[in-house]
Every structure is written in C-alpha cells, then in structure tokens.
Amino acid sequence: MHDYTNLGEFQKDVIRELGNIGAGNAATALGKLLNDRIEITVPALKFIEINEISGILGGPENEAAGIILRLSEDIDGLLVYLMDCDFINHLLGCLICEDVKDIRSISELGLSALKEVSNILSGSFVNVLCSFTGSKIRLSLPEIAIDMVGAILNFPASFAGEMSDQLLLVEVEFILSGDSVQSHLLLIPDIRSLNKIIERLGVG
Amino acid sequence: MAKWLVVGISDQKIAFSPDKLVSYALGSCVGVCIYDRKLRVAGLAHILLPNSKESLHCPVNPCKYADTAIEKLVAGMEAAGCRRQRLTAKISGGANMFDIPGPSIGEKNVEAVKLKLLSLKIDIVAADVGGNHGRTLIFDSVSGKLEIKSLFHGNKII
C-alpha cells in the first residue's frame, strides 16, 4: 500500500491530471452558470503535515467561507471550497445581484446559492473522477461555515488525522474576471481511496 | 519581555513566566491549558482527535490525541517541577463547524478531554467549549488567564 510519502513521480502526475480534468470540468460548469470565462490554475499537489494545514491559505485567522462535501462509497474523501469575500461578492453579484461587503452578512438566499454552486461544481468534478476510475462515488449535501480558515480546516485535518500525520491536497484556484478574485478547491482523498484510484488507473 | 510560543495542531508546549502560549483558530480541536499557580508554569496541548486507541496509523503521535497528549503534558510539567495536586485546567474549542449529522468530532474531543482530566484528578476551573465558531487561545503563564478570541462571537477571558 502506498503511503503519501512513497508515491512515484508518475503516480503524482496522474493524480494531478485527474485534479486538472475534474477542476476543468467544474470551471466549465461555473462559467456556464455565470456566463463568464473562468480560468483555473494548474493543480498543485501538496503533501503537507496536518499541523501545517491552517497556514496554507494565508494566516489561520483569515476569514473565509468554507464549503465541504463528503465523497463516499468507492472513494472516500472531502471536497473543500474556500472562498474569500471578494470571490463571494463577485459570485453572488452575478447570480442573485447580492452585494456582499462583509462576509458575515450574507443573506440566507446568498448562503444557499453558495451551496448550490458548490453542488454543481462538485457534481462535474466527481463525474470525471467516476468515469476515469470506473468508480461509484456518492456526494453528500454541501455544508457551509463562515469563520477563520484554520478553524474551518480542522474538519479535513481530523478527517485525515485518524489515518495519517499527513494530508494530500489537490489544490486548484478558480480565477474569475481576470485575476481579480480567486477561490480554492481542495480535494482530499483518504489513503485507502488514493490506493484504489492508483490501482484502478493501472498505475500502481 | 514576554515571548509568545505558538502551539500548532497536534503539538504541545510548556511556558514559564512571563511567556504566553498561543494556539490559532481552533475549530473542532480542543486546547487544554494546564497551570501551576505557584510556579507560574503553563502548558497547552492542542489536540485534534479524542482517542489514540482508535488510530488507524502507527506510530501514533501522542500529541494528536486527548488521552495521550494530556498525559504527556502533565508528565512534562511535573518534570519541570510542577506538583500534580496544584495543577488546574482550562479548556476551550471543540466546536462543531459544519452542521453534519451525528456526534461531532468537537463534542467527542471535549468528552475525551474531560474524562482524561478527571482520571488524572485535575480540576477544570473554566471552560468555553462547543458552539459552531472558531477560537484563538492565548494562555498567560503569569496570571493563568486564558484569553479567547473569535471572529463573530467577541473575545473573553476565562
């Protein structure tokens, strides 16, 4: 069984590519929804110590909205979206003409719009994952928290923590309207699922 | 000049007067702050999970789990001259950040911490746990006071 630490370069490339195709598909879905061009960065594959997770997106005390969906059945893992106020303002401005100046004051409608966007993005992401790996994946409903980034990321940390001191992140940035607003998508598979993916793709 | 010692997830530190211990942005994690008032020695364990026996991973990092982390912290403080009967505890964190059904990891962490402190006969003199918000903890070795900061729920000192 592969641990996070002993993946070969080729296997890392394959996982990165999966992240790339999945995120590409999600970006297309988001573009259609907003009627705008969405760019994504080349996904970064990061193996980090669990205690470093809260520092990955600026400081642990930065405020953000975090949306989490759980993957289950053939592949266990989490999809986590982290959005800052600018990104949310742009998104909700396009979708429901809501002006968000303060991340604390998003309306109920705004919150459910954010969840729905995550749902659509995750659906397109997971579809690709399923068809490439021949897996069946169940997606939970999205849950949202608005708080300090570090506190939000406690959830994936405790999810991965029972199996490892490390965490694999496939990190993608969505860029809306040029480079002005960005959001992060983190895909966090657990170790057993990671091995399953590698096996099914025949790159073990 | 007091130094600030940062305690990350699955980590713990001991501070001597006048230094302060700080743990940023706890969600479901629990900060266990143990204090010896006479020596003005403070210890902070930032735990991630409740029970080392449920670990699917070896070797276990003792600082990650409530049961092993508190034992290790108390042993470290005793090695620094603290006496068990003088130790008191303040705990904070253990929030349920996401509205996911079933007992949350935050609640389990708080329960495990309380049980371990009880078995070590260390009194919990103050607690600010649960809810659904993140907390930053600053534990002062001079006064034994624990300052808790949050984004939307104000700041308090316990």
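## About the model

This is a predicted model, in which local features need pLDDT of at least 70 and side-chain atom pairs count only at pLDDT 80 or more, while totals for chains, interfaces and linings use all residues. Residues are numbered from 1 along each chain as its sequence is written, chains are lettered from A and ligands numbered from 1 in the order in which they are written, and side-chain values use heavy atoms, with hydrogens and water left out.

## Backbone features to look at

Let us start with the backbone. Most residues other than glycine have a negative phi, and most peptide bonds are trans. B:Arg40 has a positive phi near 55°, and its place is the loop between strand S4 (30-36) and strand S5 (41-47) of chain B. Strands here (E, at least two residues) and helices (H or I, at least four) are DSSP runs, numbered from the N terminus.

In chain A, Glu73 deserves a look too: A:Glu73 is not a glycine, yet its phi is positive at about 75°. A:Glu73 belongs to strand S3 (residues 63-73) of chain A and, at 38% relative accessibility, is partly exposed. Back in chain B, the peptide bond between B:Ser17 and B:Pro18 is cis, with omega about 10°. B:Pro18 sits in the loop between strand S2 (11-16) and strand S3 (20-26) of chain B.

Two strands pair if DSSP finds at least two bridges between them. S5(B) pairs with S2(B) in the antiparallel sense over 6 bridges, and B:Ala42 is the bridge partner of B:Ala15.

## An open sheet in chain B

Five strands of chain B form an open sheet of mixed pairing, in the order S1-S3-S8-S9-S10. Strand S1 (4-6) and strand S10 (155-157) of chain B stand at the edges with a single partner strand each, so one side of each has no neighbour in the sheet. On average, neighbouring strands of this sheet are turned by 20° against each other, direction ignored.

Within the sheet, S3(B) and strand S8 (residues 135-140) of chain B run antiparallel and are joined by 5 bridges. B:Ser23 stands opposite B:Leu137 in S8(B).

The axes of helix H1 (residues 66-79) and helix H2 (residues 105-119) of chain B come within 9 Å and cross at roughly 40°. Axes are lines fitted to C-alpha atoms, for helices over the stretch in contact, and angles run from 0 to 180 degrees between N-to-C directions. The angle makes H1(B) oblique to H2(B); under 35 degrees counts as roughly parallel, over 145 as roughly antiparallel, 65 to 115 as roughly perpendicular and the rest as oblique.

The contact (heavy atoms within 4.5 Å) is made by B:Ala66, B:Asp67, B:Ile70 and B:Glu71 of H1(B) and by B:Ala112, B:Val113, B:Lys116 and B:Leu117 of H2(B).

Terms used. Buried means under 20% relative accessible area, exposed over 50%, partly exposed in between (1.4 Å probe, protein chains only).
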